[in-house]
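Take a moment to turn the model around on your screen before reading on. The report below then walks through some of its features.

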Amino acid sequence: MMAALHSPAPWAGLLRQTREARWTLIGQVVASGGNFAASVLLVRAMGLEGFGRYSLCFIALMILRNLLGAVLLTPLALIGPRLRNTSLTAFRGLARALALCLGAVGSLTLFAGFALLAQADGYAWAAQVALPLALANLLGTLADFLRRHLLVFERARAASAQDVLRHATQIGAIAVLILSASEMTEIEALWALCLGSSASVAFGLALFGRATLRPRFARSLGPKLWDLARWQLPTTLLETVQGNAPLLIAGFILGDGALGLLRALQQVTNLLALPFNALSQIAPSIAARSHARLGVHGLRRALLRLSLGTVGLFALAMAALLALWPVLSARWMQIDVPRGSAELLLYCLLNLIVLLRLPLTSWTLALGRPQVITRATAFGTVCSIGVTLVLLSPLGAVAAVLGQIAGALGAMIGTALAAPRPEAAS
């Protein structure tokens, strides 16, 4: 059978998992550092209002990127490690075709959506960004897919090199544009994003390997992909609303300046998200591989080891952030937010809650219960929007951060209460 599972020796590959986790973390440091450096350059060149417009475009790209993760990247991470080598050529062909289709549909949706947004008062600029935004989505979708393919099949070192190339190209393009133009706009920023993604796609395709689209294989694997995607898609939509709705509500009511400030603050505190961002890319495939090879006890041990390591890294990242805060905020990002501000401390708490939930979701997915995560995320989304709307008037922009925390905490508690128990999964 094409999708038959491997039967490796017990505990084989645990050292490799640790090595892959280390390279994935390095890649995430590069990605987060690149995003932060790009944000610093853009904030200084565009101001908070211009950066707020760019942030709206970037949030739209992140929404579609999250949908790609639900429909393709997470199923790829859960199914790919269980396949025989003889099935990988057909699997790559199917996955590549899906990535192209999803990227094209998302880009057309973005183009039409921003062309429509341009008809609203105060959003005439949206018509000019529609084309580069659509192209940035298509190239970004392919780049993300090719990078995740490397991670799933334990080539994290190559994925890290892909990150370096992508972000170095983008930052270089931004620097050249700043030096050569008297004024930087969101249009130029999006073209720089396209250039970085193009370099990443070229690198990923060179390492992708043979890929053939086989209808018979696609029909046999289709039900498995659908079983995951039909729950992952609403989960991701809810997570996207849960994380971004408070920011968009604050921006709509308080103005582009408030959205720009929150996004700038979020970019600075992304240092704390390094452990989560790294682990979230490999945890599903490690969980699936550990469960297939070692059973429930192996799954629990693998997730516990990774979780303890990332919590330790979170503590180090938080200490570094607080120590460097005056330089990061005032000198680099040019935002006036004290080290002991409520927004900063609340973003620290938010990142910790999100990190603590990840082992629960990886455990639940590996044991075949994605519906548990969907229901818990729905509860968190209601909490996120409700808290933001209630507190925005009396508290201002800080209500958006409280809304994000309420959503993350509600989702974590819901997942913990409904996750499969070890004795039931054995």
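Predicted model: local features only at pLDDT ≥ 70, side-chain atom pairs only at ≥ 80, totals over all residues.

Phe 51, Tyr 54 and Phe 58 come together as one aromatic cluster. The rule behind this is that rings of Phe, Tyr and Trp (its six-membered ring) pair if their centres lie within 6.5 Å; planes under 30 degrees apart count as stacked, over 60 as edge-to-face and the rest as tilted. By this rule there are four aromatic pairs. Tyr 123 and Trp 125 have ring centres 6.0 Å apart and planes at 45°, so this pair is tilted.

Residues are numbered from 1 along each chain as its sequence is written, and side-chain values use heavy atoms, with hydrogens and water left out.

**The whole protein**

The protein has twelve helices and zero strands. Here helices (H or I, at least four residues) and strands (E, at least two) are DSSP runs, numbered from the N terminus. Of its 426 residues, 52% count as buried. Buried means under 20% relative accessible area, exposed over 50%, and partly exposed in between (1.4 Å probe, protein chains only). Contact means heavy atoms within 4.5 Å. Among contacts between residues at least 6 apart in sequence, 83% join residues at least 24 apart.

| Residue | Relative accessibility | Class |
|---|---|---|
| Tyr 123 | 24% | partly exposed |
| Trp 125 | 12% | buried |
| Thr 374 | 9% | buried |
| Ala 287 | 1% | buried |

Which residues does Thr 374 touch, leaving aside its neighbours within four places in sequence? Thr 374, found in helix H10 (residues 370-395), is in contact with Trp 231, Pro 234, Thr 235 and Leu 238.

Ala 287 has its place in helix H8 (residues 274-333). Again leaving aside neighbours within four places in sequence, Ala 287 is in contact with Leu 299, Leu 303, Ser 362 and Ala 366. Ala 287 and Ser 362 are 75 residues apart along the chain, yet their C-alpha atoms are separated by 6.3 Å.

**Two helix pairs**

Axes are lines fitted to C-alpha atoms, for helices over the stretch in contact, and angles run from 0 to 180 degrees between N-to-C directions. Angles under 35 degrees count as roughly parallel, over 145 as roughly antiparallel, 65 to 115 as roughly perpendicular and the rest as oblique.

Helix H2 (residues 88-117) packs with helix H3 (residues 126-152) at an angle of about 160°, their axes being 8 Å apart. H2 and H3 are therefore roughly antiparallel. The contact of H2 with H3 has 18 nonpolar, six polar and two charged residues. In this scheme Ala, Val, Leu, Ile, Met, Phe, Trp, Tyr, Cys and Pro count as nonpolar, Asp, Glu, Lys and Arg as charged, and the others, Gly among them, as polar.

Helix H6 (residues 215-254) and helix H11 (residues 398-418) cross at roughly 165°, with axes that come within 8 Å. H6 and H11 are therefore roughly antiparallel to each other. H6 contributes Gln 242, Gly 243, Pro 246, Leu 247 and Ala 250 to the contact, and the H11 residues include Gly 403, Gly 407 and Ala 411. By class, the contact of H6 with H11 has six nonpolar, five polar and no charged residues.
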